[in-house]
Amino acid sequence: MPEEPTHDRMPSDEESGGQADLPPIDVEIPIEDPSSTTEHVVIDDEGQAVRDRVPIPDILPIVPLRGLVVFPFAVVPLGVGQERSIKLIDDAMRGDRLIGLFAQSDPEVEQGGPDDTYRVGTVARIARLLRMPGGTMQIVVQGLDRIAIDEYVQATPYLMARIHVAPETIEHGVEIEALQRNAVTLFQRLVNLVQDLPDELSMAAMNLDDPLQIVYLIATTTRMDLHLRQELLELDSTREKLTRLNQFLTRELEVLEIGKRLQNEAQEEMGKAQREYFLREQLKAIQKELGEESEEQASINDLRQRIDEAGMSEEALKEARRELSRLEKLPTASPEYSVIRTYLDLLVSLPWNKTTGTTIDVANARQVLDEDHYDLEKIKDRILEYLAVRRLKDERQSTEGGVAGSSPAREPILCFVGPPGVGKTSLGQSIARALGREFVRMSLGGIRDEAEIRGHRRTYIGAMPGRIIQSLRRAGSRNPVFMLDEVDKVGADWRGDPSSALLEVLDPEQNHSFRDNYLDVPFDLSQVMFIATANALEPIPAALLDRMEVLQLSGYTEEQKMHIARRYLLNKQIAAAGLKHEEIVLDDDALLHVIRDYTREAGVRGLERRMADLCRRVARMISEEQATPITVTRDRLREFLGRPIAPDEALERIDRPGVVAGLSVTPYGGEMLFVEAAMMPSHEERLILTGQLGDVMRESAQAALTYVRSNAVMLGIDPNVFAGKAVHIHVPAGATPKDGPSAGVTMVTALVSLATGRRARSDVAMTGEISLRGKVMPIGGLRDKALAAQRNGMRAVICPHGNEPDLEDFPAQLREGVTFIPVQDAREALEAALEPAADVEDGHMQLSGDASRAIKQPV
């Protein structure tokens, strides 16, 4: 794009070429009676004025100009670089040297065509041509007169158009003279304010009498928008041209004068700041001579010492020293002073080289984990394996020569997944205690702003570092045990996706150079032992889950809960209530019934609350001067805790055909759900599903009905039992959404029970996905489901045969208390789940055959 023309610069035409400094050559004066010729005065080589009359042909070559309007009377340098423009100039130089100069309406168009140029322009004469290396040209043109295009007659090799001379309307009078003088006065003020405009322009404008020459001189030499230049060229009336020019000059002067005033105010402020700086420097010199040190300088020196002692990385140290250098030059009253000081305080307070932890003792670590947590053998084994590896590497790297190819140990990134109350957070605290490290916990539940992880940039007011960096500063160690709680509950909205920011934090290949937006220097997180917790894996993004080692924490059995209550919960609540251990006695039978009748949960939070209720009631009794010790027995539980809150529902619900007990897994652990089936006469055969079932569960119900109807004879069902009937399957607790494929076997059993009139066993629960062939396919979460069955008093659990290897990892009490019946086909599940039609006595089932033997023999 060409620049605006000045007295010493050469703008380009439609393709920018080189630039050269060329002086004006001649000045033209149009005659008052324009025709097809233009009379003008040129200066010859001897400095004498020579009158010349130039004929203007009807057809002229047209040069589109990008970002430039050439006015009559103006002498303008142009750069020519496009092939078509070079040919046009060559042809014009061989002829009358006249060309039409028209501005493009859009300067961004590379090669302007007829539709891209204005219709009014200027006929100009080529006064000088200079050929440049590379094939480009530099020309000087002199505007002669205003012309208008009638039509284009040629597009290649360059534009040519039929034109006619369009002279302006010359007006005289007092108003024109007043407008002319005002324009010259405003222009003189403008020249005084703009340093790039020479003073000679003011004298040139004062010496001109023709109002058109004044308009075009000012329009050529001032900074003016392209569209306004074209508007001045197209206006016919001299009065209108002067009026429009005065409007522009008035506004331009207002802008320049305001800018000048602001500049003067800024200079005054700078002068004040400089005076204050010199005075402070003098004060420093005086204090130095007197052996004194200013409070500000003492603070700077203290900060410099802390920077040198912080043990920062090379990049962080360089940044800190640069910011300190800026801080020394700023007055304390400057807003930027506090920003830089806060930033430097953060840098020096971070634990760049501070670590915690004692010599690794695997046996002691095992003892600490056993003291704090009952069972959880797999988790403990994983922690002890990590400690053993770490100790072995440290010992061998400390020997002479070390281990060939050894590298610094990277901390594991563990993710504890399990229902609430199973000890995920407390396990992290135990790990920190076993390692002798600081423990940091950060809850991610509900976080929706990415800046919570990465921090805010320092350009924002009130910017802060992210919570990762803040937590490490509070911990005072670069290798703490860092717990990211509720990682499955991270949100996302227009402010960013925090889970994506966590990818860098939890990636061992990247977190050695984690860059917080506020800190803006890398910080090493590779020695931090990150532990994430979650209730479910599904909400965690796959990329984030891939960076973590998942360890499942299922719910506890009744025996485990009794041990946990005895060893931890009861002692904790006795101390919280201000009791002594000898003042309360809780026998095992009472504790077992508290677990069974007053809590039904995967974890132990509800059990801890019941222990707190017992201790508070005992404290009240002691305050009422009752004799101690106070014994809590099974018969007195109602006195202490009220009525049981979890009655046995299985016997009450499974009281007719079509009702079956199933099992499911939720973020809060395993749950038992009941599937109810019913059918009624209907004009059309259809399947009705209620209970807030998800898409997968709805498909399982449809597959179950299809299997039962297609195999009715084999299952001993009347083939026409569903004819003319509507089948309704309902899963109670309708306010709770439910989904998943593992209810397929349960729905098949409910439909067969309904069709045959055989009731399902009230002490058998089941789970498994069904196919249209009747195959029972493996499912997940079997341990949580089995624990839920045990909590609800189930004696047997029907499960897929493919899950049989999972039974080896179950606690011994769970395998002994619940009989597992692995099945491969739906018929095996039906045989074990339904009461035989001939053996029903008083609502209790007497099994026979393989199903009876399967239930009696634990797997």
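**Group meeting: a walk through the model**

Let's start at one residue pair: valine 417 has alanine 534 as its bridge partner in strand S14. That bridge belongs to the pairing of S14 with strand S9, residues 414-417, where the two strands run parallel and are joined by four bridges. Before I go on, please keep in mind that this is a predicted model. The protein chain has a mean pLDDT of 82, with 87% of its residues at 70 or more.

Now, why can we call S14 largely enclosed by the rest of the structure? Because six of the six residues in this strand, 529-534, are buried. In a regular strand, side chains alternate between the two faces of the sheet. In S14, Met529, Ile531 and Thr533 sit on one side, Phe530, Ala532 and Ala534 on the other, and all of them are buried.

On to the nonpolar cores. The largest has 64 residues, and Val748 and Ile798 are the members that touch the most others in it. Helix H23, residues 744-756, supplies the largest share of this core, eight residues. Setting aside neighbours within four places in sequence, valine 748 is in contact with Ala704, Tyr707, Val708, Ile770, Ala826 and Leu830. Another core of 54 residues lies apart from that one, and its members include Phe416, Met529, Leu579 and Ile630.

Next, the rings. How many aromatic pairs does a search of the whole structure find? Six. One I'd like you to look at is tyrosine 343 with tyrosine 518, an edge-to-face pair with 5.9 Å between centres and 65° between planes. Tyrosine 343 is in helix H9 (residues 335-349) and tyrosine 518 in the loop between strands S12 and S13, so the pair ties together parts 175 residues apart in sequence. Both tyrosines are buried. Elsewhere on the list of rings, Phe71, Phe73 and Tyr216 form one aromatic cluster.

Finally, a friendly caution. For residues 402-406, pLDDT stays under 50, and the model has four contacts for them beyond four places in sequence. Residues 839-859 are also below 50, with 39 contacts in the model beyond near neighbours in sequence. Where pLDDT is low, the predicted coordinates should not be read in detail. Thanks, everyone!

Technical notes
Residues are numbered from 1 along each chain as its sequence is written. This is a predicted model: local features need pLDDT of at least 70, side-chain atom pairs count only at pLDDT 80 or more; totals for chains, interfaces and linings use all residues. Side-chain values use heavy atoms; hydrogens and water are left out. pLDDT is the predictor's confidence in each residue, from 0 to 100. Contact means heavy atoms within 4.5 Å. Buried means under 20% relative accessible area, exposed over 50%, partly exposed in between (1.4 Å probe, protein chains only). Two strands pair if DSSP finds at least two bridges between them. A nonpolar core is a set of buried Ala, Val, Leu, Ile, Met, Phe, Trp, Tyr and Cys residues joined through side-chain atoms within 4.5 Å. Rings of Phe, Tyr and Trp (its six-membered ring) pair if their centres lie within 6.5 Å; planes under 30 degrees apart count as stacked, over 60 as edge-to-face and the rest as tilted.
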